[in-house]
Amino acid sequence: MVEQFKDFLHALAHALRNLLPIIIVVVAFQALLLREWPEGGLGMAAGLLIVALGVALFLQGLELSIFPVGKRLANQFTRRGSMPLLMLFGFAIGFSAVIAEPALIAVAEQAALISDGRIDALTLRLIVASSVGLVMALGVFRVILGHPLHWYMIVGYVVVVLVTFFAPEEIVGLAYDSGGVTTNIVTVPLIAALGIGLAASIRGRNPLVDGFGLVALAVMVPMISVQLYGILVYADPGTLAGSAEMLHAEADVAPPAGWVTMILDLFGMLRDVLPIILVILFFQYAVLRHPLASPLKVGVGFALVIVGLYAFVVGLKLGLFPIGQSMAAQLIGFDTWLWVYLFAFCIGFATTMAEPALIAVGQQAEEAAAGKIQGNVIRILVALGVAIGITIGVHRIISGDSIHYYIIGGYVLVILLTALAPRYIVALAFDLGGVTTSEVTVPLVTALGIGLASQIEGRNVLIDGFGLIAFASIFPIVTVMSYAIVMERVAKPGGKTR
C-alpha cells in the first residue's frame, strides 16, 4: 500500500511537470504582455490542478490494471504463434483503448456541440476506435510478414490526400484532429509495446525498422474513415437534423445537480472504460482460459482509471479549455498578429519537450538504433516540428485559407520525404508524429483553435476551429525525416539513403 501511494505521488509530480511548460508560457504572456489576471483565473488554476490529479489517478490505474494484463496477454498470444488470434487481439486492444481515450472524448464532445449535434460524438468515437482496431490487426500482419512500412504509408497518405480533396470543409480539420488524438495516454504504450515485442520475438525482424509504425498507422486510417463519415453526413442537409433538435431540446431541461450529476458522470466514465475491461476479461478467461493474476489489484486499478478520467474531464472544462479560449481572445485584441504566432510557437515547443510519451519513444529508439539516433536530438526536432506546425495552423485560421490546400500540401511533402528518407527512420518518424499530442496539449490546442475561430469575424468554428492538432502531427514527421536525410548525405556524400 505504501509503495502504491509512493507511485501515485510520483505520477502526480509527473503530471504537474507536464503542466508546468503550459503554466510558464501562459503566466509569461499574462505578466509581460497582457499585464492582467484572466477573468476566472482562480477557476482555471483549480481546473489545471484537477487535470493533474486526474492524469495521476488514471496513470496509476493503468499501471495496476490495463498495462500489466495487456502485456501478459500479448506475450501469451505471441508464444501461441497464431496469426488470426494475434490479429483479433490487436483489433480488440486497439478498439477498446481508443474508445476510452480522454482526448478523443473531449474533441468528439466539442465537435458535437459546435455542429449542433450534426456530428454525433459517440458515432465519431466508434468510427475512430474501429479504424484503430483494424489498423492494429493490419500492423500485426505487417510485422509478422516483414513488409516494409514505407509502402503502407505512401499508399495510405495518397488515399488520405484523395479523400481530403472530395471531403466537405466542415469535416477536414476534425478528421485530421481525430487521427492525431488516437495515439495518446492509453494507446501509445500499448501499441508501441505490441509492435516492438512482436518484432523482437520474430527471427529476422529489426525492432527499429519493423517494431515501430503501428502508431503511425493508427493516426492515418482514422483520417480517412472520419472524412468518409463527413461526406455521408454532409451529403444531405437534413441528415442528423433530429440530433440537433434533440440537443436543443435537452438544453431546455435543467440537468440534475450535486451528487446525482457526479454519480451519472462516473457511470458515463465506466461506460467509456468498459470495452477495455470486457476485452481483457474475454481474452483472459474465454480464449486463454487463465485466471487473472491479483484480481483485487486489477479491480482497484480499473476503479482508479474511471475516477481519473472523471477528474480529467472536469479539469478540462474548468481549466484548459477556458485558458486556450481566453488567451486567444486577449491576444487578438492587439494591433498585430505577431503575439498570437509567438504564443502558438511557444506552447507547441514547450509542451512537446515535456511530453512523456515522446521521451519514452525517444529512449526506445536510441536503444534500438545502435548509435544512429540520439533521444535528445529527436525530442528537439519533434518539438520544433510541433511548434512550426501549430504556428502554420494558426496562420491558416487567421488568413481564412482553406485547410484542404495546407493538408494536401503537407502530406505531399511527407510522401516525397518518405521516398527519399533512409529506411531506418521512416517508421520512427511517423510514430513520432503520432505521440506529440499529449492529454494536456490536445485540449489546450483545440481550445486555442476554437477560440481564434470564434473571435475572428468571418470564420466558421467547425470549419476553421479544428485542424491545429493535424498540423502538430504532420511537421514533426517533416523535421525528423529531413534531419535524417541531411545526416545521411553528410555521412555518405553522394551515397544512397537506403
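## Terms and model

A residue is called buried when its relative accessible area is under 20%, exposed when it is over 50%, and partly exposed in between (1.4 Å probe, protein chains only). Helices (H or I, at least four residues) and strands (E, at least two) are DSSP runs, numbered from the N terminus.

This is a predicted model, in which local features need pLDDT of at least 70 and side-chain atom pairs count only at pLDDT 80 or more, while totals for chains, interfaces and linings use all residues. Residues are numbered from 1 along each chain as its sequence is written, and side-chain values use heavy atoms, with hydrogens and water left out.

## Overall make-up

The protein has 22 helices and 0 strands. Of its 498 residues, 56% count as buried.

A contact means heavy atoms within 4.5 Å. Among contacts between residues at least 6 apart in sequence, 86% join residues at least 24 apart.

A nonpolar core is a set of buried Ala, Val, Leu, Ile, Met, Phe, Trp, Tyr and Cys residues joined through side-chain atoms within 4.5 Å. The largest such core has 152 residues, and the members that touch the most others are F77, I119, Y157, F343, V394, Y411 and F430. Leaving aside neighbours within four places in sequence, F77 is in contact with S82, L85, L86, F89, F283, V287 and L288.

F430 belongs to the buried residues of helix 19, which are Y424, I425, V426, A427, L428, A429, F430, D431, L432, G433 and G434. Helix 19 (residues 423-434) is mostly covered, with 11 of its 12 residues buried.

## Helix 15

Helix 15 (residues 338-353) has 16 residues, which at 1.5 Å a residue should span 22 Å; its end C-alpha atoms are 23 Å apart, which agrees. The expected span is 1.5 Å times one less than the number of residues. Buried in helix 15 are V340, F343, A344, I347, G348, A350, T351 and T352.

## Salt bridge

A search of the whole structure finds 1 salt bridge (a side-chain nitrogen of Lys or Arg within 4 Å of a carboxyl oxygen of Asp or Glu). The side chains of D464 and R396 form a salt bridge, at 3.5 Å from N to O. D464 lies in helix 21 (residues 461-464) and R396 in helix 17 (residues 375-399), so the pair ties together parts that are 68 residues apart in sequence. Both D464 and R396 are buried.

## Surface patch

I263, F267, L270, L274 and L278 make a nonpolar surface patch of about 450 Å². Patches are made of residues with over 30% relative accessible area and no salt bridge; like charges are joined within 9 Å, and nonpolar side chains (Val, Leu, Ile, Met, Phe, Trp, Tyr) within 5 Å. F267 lies in helix 13 (residues 259-287) and is exposed, with a relative accessible area of 55%.

Q60 is in helix 2 (residues 41-64) and is buried at a relative accessible area of 6%.

A121 is in helix 6 (residues 121-145) and counts as buried at 17% relative accessibility. Beyond residues up to four places away in sequence, A121 touches A108, E109 and A112. The C-alpha atoms of A121 and A106 are separated by 9.3 Å, and the two residues are 15 residues apart along the chain.

Conventions
Accessible areas come from the Shrake-Rupley method with a 1.4 Å probe; for residues, only the protein chains shown count as cover.
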